[in-house]
Amino acid sequence: MEDAEQLNSFLVDVFGRINKIEERAMAGGLGSAVSITEIHIIEKIGDREPVRMSEVARSIGVTLATLTVACDKLVAKGRVRSQEDRRVVNIMLTDKGRAAYEYHKDFHERMIASLVDTLSPEQTALLAQSLEKLQDFFRHEEAAVEGETNG
């Protein structure tokens with residue numbers, strides 16, 4: 001049971017540290033505070049811009065109304081601009097938003113490289129398989145919670 005407790009402690013610690021580092025790094029790099037949610041909105045937009053708001057909302061698991069409020073806050077911070085196309089709203093990054101996206105992407109690339117560079121290909125494959133099982137657990141739990149709230 002010690003291994004299970006150690007894994008739990010590790011996952012909780014890592015999740016918290018990633019969020020704190022991302023928030024601090026983005027704030028330092030951009031000169032203003034950006035929340036984790038805003039960082040991930042910027043990430044989803046930057047991955048596929050211009051992108052429909054409904055697609056971003058679906059990919060981060062929020063309602064369109066919630067995303068609209070978050071994007072309004074980002075617009076106020078000068079990070080995102082929206083453009084209407086009759087029935088849909090497409091969003092894209094401003095220059096500041098693009099800088100935030102690149103800064104965030106670089107952080108993740110450095111984080112993964114610091115791990116993968118120390119592992120053999122076999123260890124990397126095993127880690128990826130293990131994390132995939134953890135991701136499957138999260139998806140199952142998320143679906144169960146959504147089922148409880150919808151049914």
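Which residues lie nearest the centre of the largest pocket? They are Phe15, Ile18, Leu131, Leu134 and Phe138.

This is a predicted model, in which local features need pLDDT of at least 70, side-chain atom pairs count only at pLDDT 80 or more, and totals for chains, interfaces and linings use all residues. Residues are numbered from 1 along each chain as its sequence is written, and side-chain values use heavy atoms, with hydrogens and water left out.

**View 1. The largest pocket.** Its volume is about 1,800 Å³. A pocket is an open set of points on a 1 Å grid over the protein atoms alone, where a 1.4 Å probe fits, with protein on both sides within 12 Å along at least five of seven lines. The volume is the space filled by probe spheres set on the points, which are joined across faces, edges and corners. The lining counts 36 residues; lining residues have an atom within 4 Å of a point.

**View 2. The helices around the pocket.** H1 (2-30), H2 (36-48), H3 (53-60), H5 (95-116) and H6 (121-150) each supply at least two lining residues. Helices are DSSP runs (H or I, at least four residues), numbered from the N terminus. H6 gives the largest share, 11 residues. By type, the lining has 19 nonpolar, 10 polar and seven charged residues. Ala, Val, Leu, Ile, Met, Phe, Trp, Tyr, Cys and Pro count as nonpolar, Asp, Glu, Lys and Arg as charged, and the others, Gly among them, as polar.

View 3. The side chains of Asp13 and Arg17 meet at 2.8 Å, N to O. A salt bridge is a side-chain nitrogen of Lys or Arg within 4 Å of a carboxyl oxygen of Asp or Glu. The two residues sit four apart in H1, about one turn of the helix. Asp13 is partly exposed at 36% relative accessible area, while Arg17 is exposed at 52%. Buried means under 20%, exposed over 50%, and partly exposed in between (1.4 Å probe, protein chains only).

View 4. Arg139 and Asp136 are three residues apart, about one helical turn. Shared partners join Glu49, Arg98 and Glu102 into one salt-bridge network. The structure holds five salt bridges.
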